[in-house]
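User: I would like to go through this structure with you, a few places at a time. Please keep the answers plain.

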Amino acid sequence: MRKIVAAAFLMVALLFGGPWLMVKDAEPEETEKPARLSADAEQTKDTPKAQSKTQKKTAKTTADEQVTLRVWNGKKTVEMTMAEYLPGVVRGEMPASFEPEALAAQAVAERTYIYYQMAGGRKDNHPDADICMDHTCCNAWVSEKQARKNWGKNADAYEKKIRQAVQSTDGKVMLYDGAPILAVFHSSSAGVTAGSGDVWVSDLPYLTSVKSPETADNVPNYYSVNTFSADEFRTAFLASHPEAELSGSPENWIGGISRSGSDRVETAEIGGVSVSGTELREIFSLRSTCFTVEVSGGEITFHVTGYGHGVGMSQYGANELASEGKSWQDILHWYYTDVTIADYAG
Ligand SMILES: [Zn+2]
């Protein structure tokens, strides 16, 4: 199974330049969102420097404190425990205003994903480090100091929630066939998540399509609209597909659209060229592949629902489930099919 998972990782990496699509897609559209790309290895008052071996042997040492990661901070490789690194990822990937159980689910997904990445070997970007702080490579990572600036008056309460999410799930990871899963997630879905095969090339048994409870009532910018003039559309599409025939009236440019079971666009015919929904999303910077296309008055308009690739846990869905009283375990089992939640340390 490890081989299959590793192959899936490689496949995603090759096709999309890395599964950081997960990271990109997780970016919530909120005013309280921690700034991204603010990652630095800055130690803050509340972030203990690497503990001595003596300290690590005390009875109160947590599982995450016993795992040391070599982390590339963009300048050099530093050693951090999982307990030091993981909160920075949770700060960077989910609004701290979310429900505690959603944040805890996020912490487990992130911890799982870190181990999954490590199982795939070190990346060329940082051959001496297990992981980094760059969301275009590994994970978004935000220091406590930077997060506090963004959180303002809520800083104390939010930092407490982040740390609680990590500590309450200490050492817990999602496993399938005994190995950490590719724990991808996204911001919001249009009622149902996508199976991994709907978006990428292969179906992973734990990344299936499931219902997701978020709606326009609880997700900012749940519906979005992207409108292009005929010239803008033509220029953008031809840059990727110069073979396309985009002349005459734009009413005739867009042909058949096929959809997956989760109602996302699988393929569309544009100027006689068949392209995937995922590629269209990239070309036109759409928030998801769950869209309809309208051609009217010489303009092409995409009506888009949700945000992200749609695979794995929906963050806004997780927040809704948490607000309904679901635990972080419930949330993870909801979005990741047939996984086991267990202690794991690499
Ligand atoms: Zn990296």
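User: Which helix does D198 lie in?
Analyst: D198 lies in helix 8, residues 196–199. Helices here are DSSP runs of H or I with at least four residues, numbered from the N terminus. Please note that this is a predicted model, in which local features need pLDDT of at least 70, side-chain atom pairs count only at pLDDT 80 or more, and totals for chains, interfaces and linings use all residues. Residues are numbered from 1 along each chain as its sequence is written.

User: Is D198 buried or exposed?
Analyst: D198 is buried, with 24 other C-beta atoms within 10 Å. A residue counts as buried with 20 or more other C-beta atoms within 10 Å of its own, as exposed with 12 or fewer, and as partly exposed in between, with C-beta atoms placed from the backbone.

User: And what does D198 touch?
Analyst: Leaving out residues up to four places away in sequence, D198 touches S209, S260, S262 and R264. Contact means that the C-beta atoms, placed from the backbone, lie within 7 Å. The C-alpha atoms of D198 and S209 are 8.9 Å apart, and the two residues are 11 apart in sequence.

User: Moving on to helix 6: which of its residues are buried?
Analyst: In helix 6 (residues 144–151), the buried residues are E144, Q146, A147 and W151. They lie on the same side of helix 6, because they cover an arc of only 160 degrees around the axis. That arc is taken from the directions from the helix axis to the C-beta atoms.

User: What do they pack against?
Analyst: The buried residues of helix 6 pack against helix 4 (82–93) and helix 7 (155–167).

User: At what angle do helix 6 and helix 7 pack?
Analyst: The angle is about 135 degrees, and the axes of helix 6 and helix 7 are 9 Å apart. Helix 6 is therefore oblique to helix 7. Angles under 35 degrees count as roughly parallel, over 145 as roughly antiparallel, 65 to 115 as roughly perpendicular and the rest as oblique. Axes are lines fitted to C-alpha atoms, for helices over the stretch in contact, with angles from 0 to 180 degrees between N-to-C directions.

User: Which residues make that contact between helix 6 and helix 7?
Analyst: E144, A147, R148 and W151 of helix 6 meet A155, Y158 and E159 of helix 7.

User: What comes after helix 6?
Analyst: Helix 6 is followed by G152, which has a positive phi, near 60 degrees.

User: Finally, how do helix 4 and helix 5 cross?
Analyst: The axes of helix 4 and helix 5 (residues 100–119) come within 10 Å and cross at roughly 120 degrees. The two helices are therefore oblique to each other. Their contact involves M82, L86, V89, V90 and E93 of helix 4, with L103, Q106, A107, E110 and R111 of helix 5.

Technical notes:
Two residues are in contact if their C-beta atoms, placed from the backbone, lie within 7 Å.
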